[in-house]
Amino acid sequence: MNKLFRLLWIFFALHPIFFAQAQGFRLDSVTTITTASACESIEVDSEGNILLLDTDQSQLYKLFRNTGYDSAIVIGGKSFRNEGFLHPVKMSVKNRQNLYLLDDVERRIILLNTNFKLAGEFNFLQPVTSQQGFREETDIYPVNFDISVDGTQFVLNQLDNKIYVFYPSGGLQLSFGGLDYGQGVLKAPVDVQVNEKNYVFVSDTIAGEIMVFDNFGSYRTTRKPQTDFPWKKFHLAGNTLLCFDQKNIYLENMLTGQYYTINAPNKVLVTDLKLKGEYLYLLQKNAVNLYRIGE
């Protein structure tokens, strides 16, 4: 009996979920920041400022950390003006100088500086040049995108399930993925994200998988998060992979393979989240709830 008990103890102690719980993983509530509208996306820049995107109202907010998030600037509203958006769906912040915003209706990526002033745009309705000349055979209807630290753009095209890679200047560099890409075939891609080492992660929530490519478009591996729920979104934070739905959050250390799942705190549905350092930012109904990850 004692031998059986020891075997069971070893099994559970080494199981990733039990190991995380044994280490005393917990979320300590720090503060709640009330938002003016029901936003769909959150980003946190290198200075700790919170960026919120309200797709329905086509507005972008920036809440300043140095004022306790009490002051904010806002840009947008449904308009054809350069400072207006028709249907902004995703933003990307990889350095302290620039913010990139995708408007999928206007088929353009807008470049803003830290004060939300227009610094440029990449319009996919216009011809795009590459090292091989003009790209004429494929229209790009961007459904998702991400930006690397150096400004390289990785755009998911909804027409052919391919990732198009553009130089920071806007010229076409290469494309990869699609339905005929061997091991790296993309059947139903939903989101694309780039980590600090320029590895490209493309999610397929129907298959529950994330395909990983290098920045040259070569397939590397497929990650299958060990969740017990059908996750809808994912994020990267260093070596941590986060997958989540409205009620559950899955975290995995991609180096060690250890993973665990936590329920949404206070039973409030999660719209989006961001892990930055030791802080977890949960975008919930009309609020951002900030937690410190502790042991």
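Reader: Which side chains meet in a salt bridge with 2.9 Å from N to O?
Author: In this model, which is predicted, the side chains of Asp 191 and Lys 90 form that salt bridge, at 2.9 Å from N to O. The pair links distant parts of the chain, since Asp 191 belongs to strand β16 and Lys 90 to strand β6 (residues 88–92), 101 residues apart.

Reader: Does each of them count as buried or exposed, and what is the relative accessibility of Asp 191 and of Lys 90?
Author: Asp 191 has a relative accessibility of 12%, so Asp 191 counts as buried. Lys 90 is at 14%, and therefore Lys 90 counts as buried as well.

Reader: How many salt bridges does the structure hold?
Author: The structure holds eight salt bridges. One of them joins the side chains of Lys 94 and Asp 146, at 3.0 Å from N to O, and this pair again links distant parts of the chain, with Lys 94 in the loop between β6 and β7 (98–103) and Asp 146 in strand β12 (residues 142–147), 52 residues apart.

Reader: Is Lys 94 buried or partly exposed, and what about Asp 146?
Author: The relative accessibility of Lys 94 is 30%, so Lys 94 counts as partly exposed, whereas Asp 146, at 6%, counts as buried.

Reader: And what does Arg 223 form a salt bridge with?
Author: Arg 223 forms a salt bridge with Glu 252, and the closest N and O atoms are 2.6 Å apart. Here too the pair links distant parts of the chain, because Arg 223 is in strand β19 and Glu 252 is in strand β22 (residues 248–253), 29 residues apart. Both Arg 223 and Glu 252 are buried.

Reader: Which residues do salt bridges with shared partners join into one network?
Author: That network is made of Glu 106, Arg 108 and Glu 121.

Reader: Back to Arg 223, what is it in contact with?
Author: Leaving aside neighbours within four places in sequence, Arg 223 is in contact with several residues, including Phe 201, Ile 210, Leu 241, Glu 252 and Met 254. Ile 210, for its part, lies in strand β18 and has a relative accessibility of 0%, so Ile 210 counts as buried. Not counting residues up to four places away in sequence, Ile 210 touches, among others, Phe 201, Thr 222, Arg 223, Trp 231 and Cys 243.

Reader: How far apart in space are Ile 210 and Asp 191?
Author: From C-alpha to C-alpha, Ile 210 and Asp 191 are 9.3 Å apart, while in sequence they are 19 residues apart.

Reader: New topic, how many aromatic pairs are there?
Author: The count comes to six aromatic pairs. In the pair of Tyr 181 and Phe 213, the ring centres are 6.3 Å apart and the planes are at 55°, so the pair is tilted. Tyr 181 is in the loop between β15 (172–177) and β16 (191–194), and Phe 213 is in strand β18 (residues 209–213), 32 residues apart, which makes this another pair that links distant parts of the chain.

Reader: Is Tyr 181 buried or partly exposed, and Phe 213?
Author: Tyr 181 is at 29% relative accessibility, so Tyr 181 counts as partly exposed, but Phe 213 is at 0% and counts as buried. Tyr 250 and Tyr 259 also form a tilted aromatic pair, with 5.7 Å from centre to centre and 35° between the planes, and both Tyr 250 and Tyr 259 are buried.

Reader: Which residues do ring pairs link into a cluster?
Author: Ring pairs link Phe 176, Tyr 181, Phe 213 and Tyr 219 into a cluster.

Key. Residues numbered from 1 in each chain as written. Predicted model: local features only at pLDDT ≥ 70, side-chain atom pairs only at ≥ 80, totals over all residues. Heavy atoms only, no water. Phe/Tyr/Trp six-rings, centres within 6.5 Å; stacked < 30°, edge-to-face > 60°. Helix = DSSP H or I, 4+ residues; strand = E, 2+ residues; numbered from the N terminus. Buried < 20%, exposed > 50% of the residue type's maximum accessible area, 1.4 Å probe, protein only. Contact = heavy atoms within 4.5 Å. Salt bridge = Lys/Arg side-chain N within 4 Å of Asp/Glu carboxyl O.
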